[in-house]
Amino acid sequence: MASLARLPSILFLVFLYTSINGGSSDQSPITTCPSFDCGGDGITISYPFWHQSQQFEHCGYPGFNISCSDQNPMIYLSNDLYPITNINHSSKSLTLHHTKIRRADCPKVPHDTITVNSTPSLFNSTLGNKMLHFFYNCTLYPPSLPHIACLQYGIKQSYVFLEGATPEFDWHRYCESVVSALVSDEAVYGDLVQGFGRALQGDFKLTWKQLDGACQSCEASGGLCGYNNGLHENFFCICTSRRHSTNCYDQGALTTVRPEPNYIYVAIGALIFGGSVIAATVFYFTQKKRAGSYKPV
């Protein structure tokens, strides 16, 4: 009888223990950095890049998230998506392709395609790139300059120049829009006014560098960098199936980072469970007492 009376307390303690220790199994910390592909061209995506679906917690650099569109890996840079055609981890470079540029014979760049070589830029342009500057729908322009005939609109004319070769003129004042686009150096040859469409249809390369600070310390110790919510301040280091706060050594003492359980929900669930067990036990003994009070006639 006494052991049955202690049953609710025993069940309550068992529930509380399993809630705290096992209740967060679906939110267990990531301990590996798996590679993936989008199923199309066979490009394998691996650290420091990570899949877009890992928004809450990811293994890789902030801003290096990759999404898949029609089996093509895509990266979001300068407010636009770019298809990735190649990733070279040895040279820390990736090859991208323009997407929103239509009409190969006479394309028009809608906006600056990408911003590089600026702080805090994630990527930098390589020596194998050229920057093209476009000046659209200019109402006033220097005489005798070759213009893009297929983009002429009435008296408004458009122009394209290589970076460093733009004539001195107040282009921003007299042109409706001024945009820039990265292209491959190999695609720029011959008459630029006639061949800029071909150049825009090609690829261009960007490079990345190792992150500074905590991530650099983590990688130097053999670990891989991870972040919560993509924020630099929410950093953790992934080392040989365990997570650590700074690096894989931490002066010889490993410090494992483990997410704290949500004690509010645990407590609420424990109270509800415990109350249900107590109510069921009281009901059981009440019914048993009533059954014992009946005497046969």
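Predicted model: local features only at pLDDT ≥ 70, side-chain atom pairs only at ≥ 80, totals over all residues.
Cysteine 33 and cysteine 59 are joined by a disulfide, with an S to S distance of 1.6 Å; a disulfide here is a pair of cysteine sulfur atoms within 2.5 Å. The torsion about this S-S bond is about 75 degrees, so the disulfide is right-handed. The pair links distant parts of the chain, 26 residues apart: cysteine 33 lies in the loop between α2 (7-22) and β1, and cysteine 59 in strand β2 (residues 57-59). Helices (H or I, at least four residues) and strands (E, at least two) are DSSP runs, numbered from the N terminus.

Residues are numbered from 1 along each chain as its sequence is written, and side-chain values use heavy atoms, with hydrogens and water left out.

As to accessibility, cysteine 33 is partly exposed at 22%, whereas cysteine 59 is buried at 6%. Buried means under 20% relative accessible area, exposed over 50%, and partly exposed in between (1.4 Å probe, protein chains only).

How many disulfides does the rule give? The count comes to 7. Among them is the link of cysteine 38 to cysteine 68, S to S 2.0 Å. Its torsion is about -70 degrees, so this disulfide is left-handed. Cysteine 38 sits in the loop between α2 and β1 and cysteine 68 in strand β3 (residues 65-69), so the bond ties together parts that are 30 residues apart in sequence.

Another is formed by cysteine 218 and cysteine 237, with sulfur atoms 2.0 Å apart. This link is right-handed, with 85 degrees about the S-S bond. Cysteine 218 belongs to helix α5 (residues 214-220) and cysteine 237 to strand β13 (residues 235-239). Cysteine 218 is buried at 0%, and cysteine 237 is buried at 0%.

I turn to the strands. Two strands pair if DSSP finds at least two bridges between them. An open sheet of 7 strands runs in the order β1-β3-β4-β5-β6-β11-β7, with mixed pairing. β1 (50-51) and β7 (124-125) stand at the edges, each with a single partner strand, so one side of each has no neighbour in the sheet. Within this order, β6 (residues 93-97) and β11 (residues 203-207) pair in the antiparallel sense over 5 bridges, and leucine 94 stands opposite leucine 206.

Finally, strand β8 (residues 129-138) has 9 of its 10 residues buried, so it is largely enclosed by the rest of the structure. β8 runs antiparallel to β10 (residues 175-184), joined by 9 bridges, and antiparallel to β9 (residues 157-162), joined by 5 bridges. In β9, tyrosine 159 stands opposite phenylalanine 135.
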